Amino acid sequence: MKIHAIQTGSVRIKSSQRVGRGRGQMRQLHVLFDRAWTEWLPIYAWAIETSEGTILVDTGETARTALPGYFPRWHPYFWLAVQLSVTPEQEIGPQLHGLGIDPLEVRKVVLTHLHTDHAGGLEHFPRAEILVSQPEYRAAEGLAGQVRGYLPNRWPKWFQPRFIEFQKSADCAPFERSAPLTTDGAVMIVPTPGHTPGHVSVIVRDGDTSYFLAGDTTYSQDALRDHLVDGVSPDAATALRTIQTILGYAKQHPTVYLPAHDPESPARLRQVSTV
């Protein structure tokens with residue numbers, strides 16, 4: 001089993017998005033009107049080579065975000081709180097080719113959530129089985145989804161994901177539910193709500209070590225260790241419970257924590273550096 005970190009461009013966000021400030025709706029308002037920006041952060045997707053084929057976790061961002069009109073002009077977040085830099089060569093399809101992986105032969109794609117920097121590269125995978133949690137898909141649909149910050153109008157017309165079927169299991173305790181991606185159970189999906197209501201993560205178990213492909217559960221490992229919730233999670237209490245569950249898992253299993261926007265994630269992957 002091999003895991004590849006694939007950087008699909010970069011993103012800048014407000015400092016109060018990376019670590020939230022205030023309570024309730026004030027957290028989202030701080031994100032919009034904060035004058036402080038983060039440094040440019042990576043946008044990582046992950047390719048897992050298994051004996052049953054390649055599994056992709058997230059599809060990264062698309063270069064089409066630079067086109068006029070790609071983002072809704074009426075939505076304040078896209079004009080006040082995020083900046084993107086993605087070239088066509090940085091998209092997930094060309095990068096997989098560079099690794100010797102044909103995107104058309106990717107077996108499964110798991111979307112941790114449906115924000116554009118995680119689902120923007122969907123167009124490269126028309127043949128793959130695409131998995132997403134049902135609450136996430138429902139939250140992202142239609143005009144209401146756009147108001148919440150999703151871009152369902154940019155999904156490929158053929159996009160019809162399969163909903164993840166979680167079952168009660170002790171396999172990934174303290175996570176109470178999980179869903180296997182491989183027949184041997186070495187690759188599992190677990191629910192990690194917080195950043196979005198239907199957010200999920202993927203655990204890859206290789207021997208005694210677990211690799212936690214975390215999406216946006218936090219923006220960094222430091223935020224995980226310090227129990228810091230981001231500024232866009234609609235329910236900070238839910239996000240905090242997810243952080244505590246991840247840390248509980250890491251206490252039971254040596255765990256390499258790999259969030260999608262942490263510049264240190266590839267180094268931790270190479271060095272097998274655990275939480």
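This is a predicted model: local features need pLDDT of at least 70, side-chain atom pairs count only at pLDDT 80 or more; totals for chains, interfaces and linings use all residues.

**Overall size.** I began with the radius of gyration, taken over C-alpha atoms, against the globule rule of 2.2 Å times the number of residues to the power 0.38. For 275 residues a compact globule would come out near 19 Å, and the protein chain has 17 Å, which agrees. Along the principal axes, the C-alpha atoms fill a box of roughly 45 × 40 × 35 Å.

**Ground rules.** Residues are numbered from 1 along each chain as its sequence is written, and side-chain values use heavy atoms, with hydrogens and water left out.

**Secondary structure.** I counted 10 helices and 13 strands in the protein chain. Both are DSSP runs numbered from the N terminus: helices are H or I with at least four residues, strands are E with at least two. Two strands pair if DSSP finds at least two bridges between them.

**The seven-stranded sheet.** In what order do the 7 strands of the open sheet run? I read E4-E1-E2-E3-E5-E6-E7, with mixed pairing. The edge strands are E4 and E7 (162–163), each pairing on one side only.

I then went through some of the pairs:
- E1 and E2 (residues 41–50) are antiparallel over 8 bridges, and Gln 7 has Tyr 44 in E2 as its bridge partner.
- E5 (residues 108–110) and E6 (residues 129–132) run parallel over 3 bridges, with Glu 129 in E6 as the bridge partner of Lys 108.

**The six-stranded sheet.** This open sheet has 6 strands in the order E8-E9-E10-E11-E12-E13, again with mixed pairing. E8 (167–168) and E13 (255–259) stand at the edges with a single partner strand each, so one side of each is left without a neighbour in the sheet.

E8 and E9 pair in the antiparallel sense over 2 bridges, and Gln 167 stands opposite Ser 178 in E9. E9 (residues 177–180) and E10 (residues 187–191) are also antiparallel, over 2 bridges, with Met 188 in E10 as the bridge partner of Pro 180. E9 and E10 form a hairpin with 6 residues between them, and Gly 185 in the turn has a positive phi of about 75°.

I also looked at what covers this sheet. Helix H9 (residues 236–252) lies across E11 (200–206), E12 (209–215) and E13, at about 150° to E13. For contact I used heavy atoms within 4.5 Å; axes are lines fitted to C-alpha atoms, for helices over the stretch in contact, and angles run from 0 to 180 degrees between N-to-C directions.

Most residues other than glycine have a negative phi, and most peptide bonds are trans. Against that background I noted two spots. Asp 58 has a positive phi of about 70° although it is not a glycine; Asp 58 sits in the loop between E3 (53–57) and H3. The peptide bond from Ala 173 to Pro 174 is cis, with omega near 10°, and Pro 174 is in the loop between E8 and E9.

**Largest pocket.** How much space lies in the largest pocket? I get about 780 Å³. The search uses a 1 Å grid over the protein atoms alone: a cavity is a set of points where a 1.4 Å probe fits but cannot get out, a pocket is an open set with protein on both sides within 12 Å along at least five of seven lines, and lining residues have an atom within 4 Å of a point. Grid points are joined across faces, edges and corners, and a volume is the space filled by probe spheres set on the points.

Of the 36 lining residues, Tyr 77, His 115, Arg 148, Gly 149 and Val 232 are the closest to the pocket centre. E1 (2–13), H2 (26–33), H3 (76–80), E4 (82–85) and H5 (116–119) each supply at least two lining residues, and H2 gives the largest share, 5 residues. By class, the lining has 19 nonpolar, 12 polar and 5 charged residues. Ala, Val, Leu, Ile, Met, Phe, Trp, Tyr, Cys and Pro count as nonpolar, Asp, Glu, Lys and Arg as charged, and the others, Gly among them, as polar.

**Cavity.** The count comes to 1 cavity of 30 Å³ or more, and the largest cavity holds about 100 Å³. Its lining has 13 residues, with Tyr 70, Ala 119, Gly 120, Arg 154 and Trp 155 nearest the centre. By class I logged 7 nonpolar, 3 polar and 3 charged residues in the cavity lining.
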